[in-house]
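The following paragraphs are intended to be read alongside the sequence and the three-dimensional view.

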Amino acid sequence: SLSNNSIKNWHIPDIEVPNYSRQGVKQGIVHLGVGGFHRSHLALYMHRLMQQHNTKDWSICGVGLIKPDAIMRDDLNSQDCLYTLLERGIDKSTTRVIGSITSYMYAPENPRAVIEKMANPDTRIVSLTVTESGYYHSEATASLQTEDPAIANDLKNPDTPCTIYGYLYEALLIRYNKGLAPFTVMSCDNMPENGKTLKSMLIAFAKLKNSKVASWISSEVASPNAMVDRVTPKTTDDDREYLAKILGIKDKCPVVCEPFIQWVLEDHFPQGRPDWEKVGVQVVSNVEPYELMKLRLLNGAHSEMGYLGYLAGYQYIHEVVTDPLINRYIRIMNREEVIPLLPKIEGVDFGEYSLSVLERFSNPAIKDQVSRICLMGSGKMPKYVLPSISEQLAKPDGKFDLLTLGVAGWFRYLRGVDMVGKEFEIEDVMASTLKEAANKGCDDPASLLGIETLFGDDLRNNKAFVDQLTNDMKLISNKGPLEAVRARLLAYK
Ligand code: NAD
């Protein structure tokens, strides 16, 4: 099994292991939310820097903030925080043991220790992948969900926080009181303007605690925007077995991902940062056009094909994307309804980008679960799909039919019963509210559209959109998702 000792005498050909010292290195980064994506992305970039460029001072202290992270704590700590990253291409795979995470802290067990760690002057960046819902950000109202019990807890109980804001605020407060510079906060989650959103939510939280600290955060804390990309499905027992049987590596928490990787990052790090350019990160002055391209063309398409594909009975994304109807639907939707809204990026062809995304999704070796794409829709659809519809509705001749069909798929999915009557669980922080509204409405979207944290008045009160959505929901109910797609594509012969 993996350990600092076992990798010293490693003799498996073609598997890269850390050649750098992992003991006694400084931890310049504290990362909140050590899931699959962090370990296929930022931790890999740091590994490359440590492996190829002798980078020191920037190893990662991983942190789990919520109860389910106890499993990651046990798994990682039992193998000195080493894990295997398996990049699966269509015809070639690469395997590496990653060593850039040098310790792991499980916050619920000792929240103060994590706060102190973040407040330590060695910590220059606090990075995050806590999923979209970890930000408690309402897209429709652009505000912090202060009524949420978790946020209410953190406002009241500084010693036992349970959200990112409680931890970030308490650590920044220590630095403020000691006259230390703050760390840079760096969101690596899929959200529009992720850095800007995180910072404004953090300020909103701080304002409810102490206005002086809030204005210090506002003027001193950097929070660069970033676009991040690499498909990283949930690790399965089959993956663990493959590693053990084929490669002889016993790893409790390996990560499997696609070969493609991208990170476009705004350069705003007053406390310094690793030389990420050396390992392929695109450091730019304005990330927004890249973010929009990715969130709208990739994540939007992913979610839409996820719901329609789930209802059509598919299990894996490569099956959905190679369904000729859905493939055509996504290509035409992106071309007709999404690309025209995007600000230009010099040297980037959005049509080609959209096709390359479909190509990546068709990789059968990744086995990305449709159910993974469908989870947490309340965090995803308002960020990836609804903004395109809103913008189309605001245009005199806006086109939104195909985007709306994907929303109808989501609404149908939220009933928690598939097309053959089989019940399934909806994984979403708002699951019960959504399921109740979806079942109350049946083919009438009004109940779901009434949820103010998810939908703006521009959608709710737009008759053309509501009529289209209602018709699409009926079409899906009567004919099934694929026939609904076929019917909507007739306009594009
Ligand atoms: P994961 O389920 O493997 O890990 C999610 C991590 O977030 C866990 O450590 C979990 O504890 C933490 N988390 C969840 N809710 C939280 C909350 N409310 N507060 C604090 N921590 C919380 O998921 P993942 O694949 O690592 O993806 C995480 C995020 O990374 C995505 O939501 C997305 O924003 C971004 N991302 C993922 C991919 C991908 O393909 N998986 C690609 C690009 C970006």
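Isoleucine 71 lies in helix H4, which comprises residues 70–78; helices (H or I, at least four residues) and strands (E, at least two) are DSSP runs, numbered from the N terminus. The model is a predicted one, in which local features need pLDDT of at least 70 and side-chain atom pairs count only at pLDDT 80 or more, while totals for chains, interfaces and linings use all residues. Residues are numbered from 1 along each chain as its sequence is written, and side-chain values use heavy atoms, with hydrogens and water left out.

With a relative accessible area of 58%, isoleucine 71 is exposed. Here buried means under 20% relative accessible area, exposed over 50%, and partly exposed in between (1.4 Å probe, protein chains only).

Glutamine 27 occupies the loop between strand E1 (15–16) and strand E2 (29–32). Its relative accessibility is 12%, and it therefore counts as buried. The side chain of glutamine 27 makes a polar contact of 2.9 Å with that of threonine 102 and another, of 2.7 Å, with that of lysine 117. A polar contact is a pair of N or O atoms within 3.5 Å; within protein, one must be able to donate a hydrogen and the other to accept it, and residues adjacent in sequence count only if both atoms are side-chain atoms. Leaving aside neighbours within four places in sequence, the residues in contact with glutamine 27 include Asp57, Ser59, Ile60, Cys61 and Asp122, where contact means heavy atoms within 4.5 Å.

Helix H6 (residues 149–156) has Ala150, Ile151 and Asp154 as its buried residues. They cover an arc of only 95° around the axis, which puts them on the same side of H6; the arc is that of the directions from the helix axis to the C-beta atoms. Exposed Pro149 and Lys156 are carried on the face turned away from that buried side. The cover over the buried residues of H6 includes strand E9 (143–144), helix H7 (164–178) and helix H8 (194–207). At the start of H6, a side-chain oxygen of aspartate 148 comes within 2.9 Å of the backbone nitrogen of alanine 150.

In helix H14 (residues 350–361), the buried residues are Phe350, Tyr353, Ser354, Val357, Leu358, Arg360 and Phe361. Seen down the axis of H14, these fall within an arc of 160°, so they line one face of the helix. Glu352 and Glu359 are exposed on the face turned away from the buried side. Aspartate 349 caps the N-terminal end of H14, with a side-chain oxygen 2.8 Å from the backbone nitrogen of glycine 351. Among the elements covering the buried residues of H14 are strand E11 and helix H11 (288–311).

Strand E11 leads on to a sheet. Three strands form this open sheet in the order E11-E13-E14, with mixed pairing; two strands pair if DSSP finds at least two bridges between them. E11 (226–229) and E14 (282–284) are the edge strands, each pairing on one side only. E11 and E13 pair in the antiparallel sense over four bridges, and methionine 227 has valine 264 in E13 as its bridge partner. E13 (residues 262–266) and E14 pair in the parallel sense over three bridges, with glutamate 266 opposite valine 284 of E14. In E11, Ala226 and Val228 point one way and Met227 and Asp229 the other, and all are buried.
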